[in-house]
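Hi there,

Here is the structure I promised to pass on. My notes on what turned up are just below it.

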Amino acid sequence: MTSVLKALGVAVPSRVVTNHDLAETLDTSDEWVRTRTGIVERRIAEPGVATADLAVEAGAEALKRAEVDVDAVILATCTADRTIPGVGPEVASRLGLGPVPALDVNAACAGFVYALSVASGLIASGVADGVLVVGAETMSRVTDFGDRATAVLFGDGAGAVVLARGEPGEPGEVGPFDLGSDGEGADLLEVPGGGSRRPLDAAALAEGAQYLKMDGREVYRQAIRRMVASSEAVLAKAGLTAGDVDRLVGHQANARILEAVADRLGIGEERRFLNVARYGNTSAASIPLALADAELAAGEQVLLTAFGAGMSWGSTLLRWPDLSVA
Amino acid sequence: MSAVYEKVKGVLVDKFGVEESEVSMEASFEDLDLDSLDLVEFALAAEEELGVRISDEEAEQLETLADTVKLLEEKGAQA
């Protein structure tokens, strides 16, 4: 018994913000952003649009295409609509799924891979037969658009898949997983304010504690190292090597990080997929958004790997099924 | 030239696509068209290839290959 991917759906805000747009108010340039990150543009949600709204849109598309019943929802996000409650229950209700179990997973940019593993666990333990897994973020809500180091990096969006019980070797099979974390790096990438450690009082707001802060160099270094090690670990668990991977679909944070990871794994350019140029870093939404754009062929062995705040990281394998993603 | 220098040169040529003829002790990272992220990656590659860790603070101070080789040798790099 295993978990199998049955359907995929995505949603992004219609508003496109280019590097040139950002350079009008920030001391940066299109050339600088492109060469450092590979990002050309990103989507930004209109005021009033929340993470749940994007999640519902992506989730509805996935459900429409899935020919199975869904009886649980896992929502991967680090930009929930509010501190309490989680987004999952609202998304389940708005999608008409009834009183199913629904919960959020916050592993930041590694959230989608973590959520896939939680969904597989629910299926393996018999709690659920079909799980809607959504990665949804409105990163723009925690971005300081006056900070040129981070303002150019992030975007908003959502992607959803349906996992269902299946047989080993079946098209769409997901797993095994390699997951990890290192809390010693918690402050390398964080939104310091708004939680129990640093409530958002006037002083915290004046300091900008509601915004994301990043030690870019150290995150860059750790991202490469951890995603390489995690990819190698998951391949070893599956009895495979990098040579068996048809396509590497990593978390889309920075093109140069993914190039460095693929180089170290020995995965050539034709087997890598990048769409960070279109969406920037959409955190937990980036992997499903990439899967939707990657034009994968049925039967291809896909390696997913992600790294982000926590620090948290994870990798898994996916045997691409025959499904429409248009 | 030291063995550590030869190793550094090898990393720059193989991993960063630098022309061998451009590499010299006096060359700066800027001369070689390496930006701040390349320097982070260079530090990672040095750790992988030479087994010594260059911190981000140390990497930021490096300007020329001579500085780099000196730092690596002080840290006990064995080529």
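Chain B touches chain A through six residues, which meet nine residues of chain A; a contact here means that two C-beta atoms, placed from the backbone, lie within 7 Å. Helix α2 of chain B (residues 36-50) supplies the largest share of that side, five residues. By class, the side of chain B that touches chain A has four nonpolar, no polar and two charged residues. Nonpolar covers Ala, Val, Leu, Ile, Met, Phe, Trp, Tyr, Cys and Pro, charged covers Asp, Glu, Lys and Arg, and the others, Gly among them, are polar.

Before you go further: this is a predicted model, where local features need pLDDT of at least 70 and side-chain atom pairs count only at pLDDT 80 or more, while totals for chains, interfaces and linings use all residues. Residues are numbered from 1 along each chain as its sequence is written, and chains are lettered from A and ligands numbered from 1 in the order in which they are written.

Chain B itself has four helices and zero strands; helices are DSSP runs of H or I with at least four residues, strands runs of E with at least two, numbered from the N terminus. Its C-alpha trace spans about 25 × 25 × 20 Å along the principal axes.

Chain A splits into domain 1 (2-166) and domain 2 (173-319), with bounds from an automatic or database domain assignment. Their C-alpha centres are 14 Å apart. Across that boundary, 49 residues of domain 1 are in contact with 46 residues of domain 2. On the domain 1 side, β7(A) gives the largest share, eight residues.

Best wishes
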